[in-house]
Amino acid sequence: MSNLSSPSGFSRWKIFVYGISAAASWGFSTVMTKGLLEYIPPLTLLVIQLISSNIFLWVIIWLRKIPIPPAGRGIKLGLPGLLQPGIANTLGTIGLSLTDASVESLIWSTETILIIVFAWLLLGEKVSFISSVFSFIAFFGVCLVTVNFNSTVNGSSSVLGNLLIVVATFCATLYTIITRRLVVNLDSLILVALNQSVGLVGISLVWLFSQFMGSNTELKDISFGVWTLAVISGITLHGLPFWLYTFVLKNVQASFASLFITLIPVFTIIGSHLFLDEKLSSIQWVGTALILVSVVSVSFLYKE
């Protein structure tokens with residue numbers, strides 16, 4: 001694969017803004033999802049979110065009159081959706097219901113390091129020494145922002161939740177690498193919509209099976225306010241950020257794009273502080289600064 005030209009000028013800033021916006025959307029929506037899990041079971045919430053996300057994405061495609069690939073090719077392009085949102089978000093949402101949002105954000109942040117390793121091994125992407133250094137500084141910052149939280153979850157349940165999120169992170173990493181190969185010659189919005197559609201089909205089958213096995217969810221018992229937040233969270237957790245992040249993947253290497261993922265815990269921690277009454281310590285603010293400095297620095301120093 002030939003290298004992409006280094007982003008510059010307006011393109012550089014556009015990539016930067018899109019990457020930051022995707023991270024913010026993921027981070028704050030994770031907090032919203034954690035709150036909604038108090039009212040809606042994980043799989044049911046995920047199905048509601050993905051239906052909302054799919055409607056959002058396909059309406060935009062229709063409004064923009066973007067050509068849709070033939071059915072056979074479309075299904076093939078959508079297959080990575082079985083990884084994410086399929087397996088990754090199914091396990092991740094269940095895991096989030098069993099552990100703290102702050103711990104979840106730490107585990108997901110390891111995707112940055114995994115992507116850099118996988119991009120080097122599978123895509124042959126060259127990773128500069130300075131990019132590697134800033135990646136690990138950012139990861140260290142992530143570790144700092146997630147310390148000093150008192151778990152509100154039972155110990156054994158928390159361990160199971162963490163393990164599920166580890167597997168989910170691995171699947172999400174593979175999804176990013178596969179998507180990086182596909183998105184170069186395809187509209188990023190179409191690719192995300194196809195992935196989300198295939199993922200929704202897979203997750204819906206799992207949800208129907210769980211209902212058949214006795215995990216019945218009384219949808220009529222869910223209040224209008226909770227329904228509204230679930231729909232909004234679907235768009236801001238699965239639709240909008242994946243569209244923005246796939247645009248970034250289309251224009252830069254996967255290893256560079258992964259650096260924006262380290263920003264997600266920053267927004268998660270801030271959201272947890274504002275809406276879940278979790279407090280930030282001084283050392284967590286230090287970690288937040290390290291992450292911001294690392295991502296901004298690499299965005300200026302980055303060269304293919």
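This dialogue goes through several features of a predicted model.

Reader: What should be known about the model and its numbering before reading it?

Author: The model is predicted, so local features need pLDDT of at least 70, side-chain atom pairs count only at pLDDT 80 or more, and totals for chains, interfaces and linings use all residues. Residues are numbered from 1 along each chain as its sequence is written, and side-chain values use heavy atoms, with hydrogens and water left out.

Reader: Where is confidence lowest and where is it highest among the helices?

Author: pLDDT is the predictor's confidence in each residue, from 0 to 100. Where it is low, the predicted coordinates should not be read in detail. The protein has a mean pLDDT of 81, and 84% of its residues reach 70 or more. Helices are DSSP runs (H or I, at least four residues), numbered from the N terminus. Confidence is lowest in helix H11 (residues 254-257), at a mean of 72, and highest in helix H2 (residues 42-64), at 94. Over residues 1-5, pLDDT stays under 50.

Reader: Which residues touch the most other members of the largest nonpolar core?

Author: In soluble globular proteins, nonpolar side chains tend to be buried together. A nonpolar core is a set of buried Ala, Val, Leu, Ile, Met, Phe, Trp, Tyr and Cys residues joined through side-chain atoms within 4.5 Å. Buried means under 20% relative accessible area, exposed over 50%, and partly exposed in between (1.4 Å probe, protein chains only). The largest core has 51 residues, of which Ile15, Trp26, Tyr245, Phe260 and Leu263 touch the most other members. Helix H10 (residues 224-251) gives the most to this core, with 7 residues. Another core, of 10 residues, lies apart from it, and Leu36, Leu37, Ile40 and Leu45 are among its members.

Reader: How many aromatic pairs does a search of the whole structure find?

Author: Rings of Phe, Tyr and Trp (its six-membered ring) pair if their centres lie within 6.5 Å; planes under 30 degrees apart count as stacked, over 60 as edge-to-face and the rest as tilted. The search finds 7 pairs. The Phe28 and Phe267 rings have centres 5.6 Å apart and planes at 65°, so this pair is edge-to-face. Phe28 in helix H1 (residues 9-36) and Phe267 in helix H12 (residues 264-275) are 239 residues apart, and the pair links distant parts of the chain.

Reader: Is Phe267 buried or exposed?

Author: Phe267 counts as buried because its relative accessibility is 16%. Phe28, at 33%, counts as partly exposed.

Note on methods
Helix = DSSP H or I, 4+ residues; strand = E, 2+ residues; numbered from the N terminus. Contact = heavy atoms within 4.5 Å.
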